[in-house]
Amino acid sequence: MTERDLKDIFIKLKKKIVNDFKGNINPSNLNCVKIQVSGFTNKLKSVYPYRGLKDIPAFYEHEERTILFNKDLVKLLDRDFIINILYHELLHASSFRKIDKHKDKTTVKSGFYTQIFKKGKKINYFKLLNEGVIQYFTNKKTGFVKDSGYQWEANRISFLIEDIGDSILEKLFFKEILKGLKKLFIKILIAQKFWLS
Ligand SMILES: [Zn+2]
């Protein structure tokens with residue numbers, strides 16, 4: 001795939017996501033998202049302290065509203081894989097809620113995920129839950145791609161939500177309007193401690 005193809009897919013997927021989650025999604029969260037193709041090295045500095053960056057195909061920077069895509073992997077990955085990755089990253093973007101910036105503490109909330117950056121350290125809450133839900137939706141809307149990230153978590157989510165259903169999961173994830181149910185959901189997760197890491 002060429003970088004141009006990648007950028008065309010990126011634009012099409014933005015529209016697809018707005019359509020796939022109509023009513024739950026705020027399109028302005030997606031309209032402002034940019035994509036940047038760059039060479040990843042372990043030295044590439046991110047706002048966040050990522051490690052082993054050169055092996056990661058892409059990640060999303062909330063503060064920059066930008067998906068950074070690993071230049072070396074663009075030509076190696078096939079179309080389905082790239083669609084799966086971009087869809088996943090765009091769901092991070094579209095589930096953005098807020099950033100609170102204080103002198104020595106920044107809190108970023110998106111989807112079920114809370115990240116706190118304090119004195120050079122990053123604390124994650126519900127990261128794997130968030131990644132699992134994102135990959136679950138990504139698989140449903142674009143198709144399962146072997147070896148794309150967080151498949152184990154996505155698989156767990158499909159069991160976890162059997163009783164809840166997709167439409168409620170979408171509302172919980174994007175809108176946080178069903179607070180009571182969210183509490184219930186989190187109670188189940190706390191019982192299965194894995195999701196807290
Ligand atoms: Zn992710």
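Where is K119 found? K119 lies in the loop between β6 and β7, and the rest of this briefing places that loop among the other elements of the protein chain. The structure is a predicted model, in which local features need pLDDT of at least 70 and side-chain atom pairs count only at pLDDT 80 or more, while totals for chains, interfaces and linings use all residues. Residues are numbered from 1 along each chain as its sequence is written. The protein chain holds eight helices and seven strands, where helices (H or I, at least four residues) and strands (E, at least two) are DSSP runs numbered from the N terminus. Of its 197 residues, 31% are buried; a residue is buried if 20 or more other C-beta atoms lie within 10 Å of its own, exposed if 12 or fewer, and partly exposed in between, with C-beta atoms placed from the backbone.

**The three-stranded sheet**

- Three strands make up an open sheet with mixed pairing, in the order β1-β3-β2, and two strands count as paired if DSSP finds at least two bridges between them.
- The edge strands of this sheet are β1 (34-38) and β2 (58-61), each of which pairs on one side only.
- From one strand to the next, the twist averages 25 degrees.
- Helix α4 (residues 79-94) packs on the sheet and touches β2 and β3, with its direction at about 15 degrees to that of β2; here axes are lines fitted to C-alpha atoms, for helices over the stretch in contact, and angles run from 0 to 180 degrees between N-to-C directions.
- Strand β3 (residues 66-70) pairs with β1 in the parallel sense over five bridges, and N70 in β3 is the bridge partner of S38.
- The pairing of β2 with β3 is antiparallel and runs over four bridges, with Y60 standing opposite I67 in β3.
- β2 and β3 form a hairpin with four residues between them, and R65 in the turn has a positive phi of about 50 degrees.

**The four-stranded sheet**

- A set of four strands forms an open sheet with antiparallel pairing, in the order β4-β5-β6-β7.
- β4 (96-102) and β7 (121-125) stand at the edges with a single partner strand each, so one side of each is left without a neighbour in the sheet.
- In this sheet the twist averages 10 degrees from one strand to the next.
- Strands β5 (residues 105-110) and β6 (residues 113-118) run antiparallel and are joined by six bridges, with K105 opposite K118 in β6.

**Helix packing**

- Helix α5 (residues 127-142) and helix α6 (residues 151-160) pack with their axes 7 Å apart and at an angle of about 80 degrees.
- That angle makes α5 roughly perpendicular to α6, a description that covers 65 to 115 degrees, while angles under 35 degrees count as roughly parallel, over 145 as roughly antiparallel and the rest as oblique.
- Among the residues that meet are L128, V133 and Y136 in α5 and A154, R156 and I157 in α6, where two residues are in contact if their C-beta atoms, placed from the backbone, lie within 7 Å.

**The nonpolar core**

- The largest nonpolar core has 36 residues, of which L13, F69, I82, L86, Y87, L90 and V133 touch the most other members; such a core is a set of buried Ala, Val, Leu, Ile, Met, Phe, Trp, Tyr and Cys residues joined through C-beta atoms within 7 Å.
- At least two residues of this core come from each of α1 (3-20), β3, α4, α5, α6 and α7 (166-174), and the largest share, eight residues, is supplied by α4.
- Apart from neighbours within four places in sequence, L86 is in contact with I9, F10 and L13.
- L6 in helix α1 is buried, with 22 other C-beta atoms within 10 Å.
- Not counting residues up to four places away in sequence, L6 touches M1, V37, F69, V74 and I82.
- The C-alpha atoms of L6 and V74 are separated by 7.6 Å, although these residues are 68 residues apart along the chain.

**Residues with positive phi**

- Most residues other than glycine have a negative phi.
- K119 has a positive phi, near 45 degrees, and is a residue other than glycine; K119 is exposed, with 6 other C-beta atoms within 10 Å.
- D147, in the loop between α5 and α6, has a positive phi of about 75 degrees although it is not a glycine, and D147 is exposed, with 7 other C-beta atoms within 10 Å.
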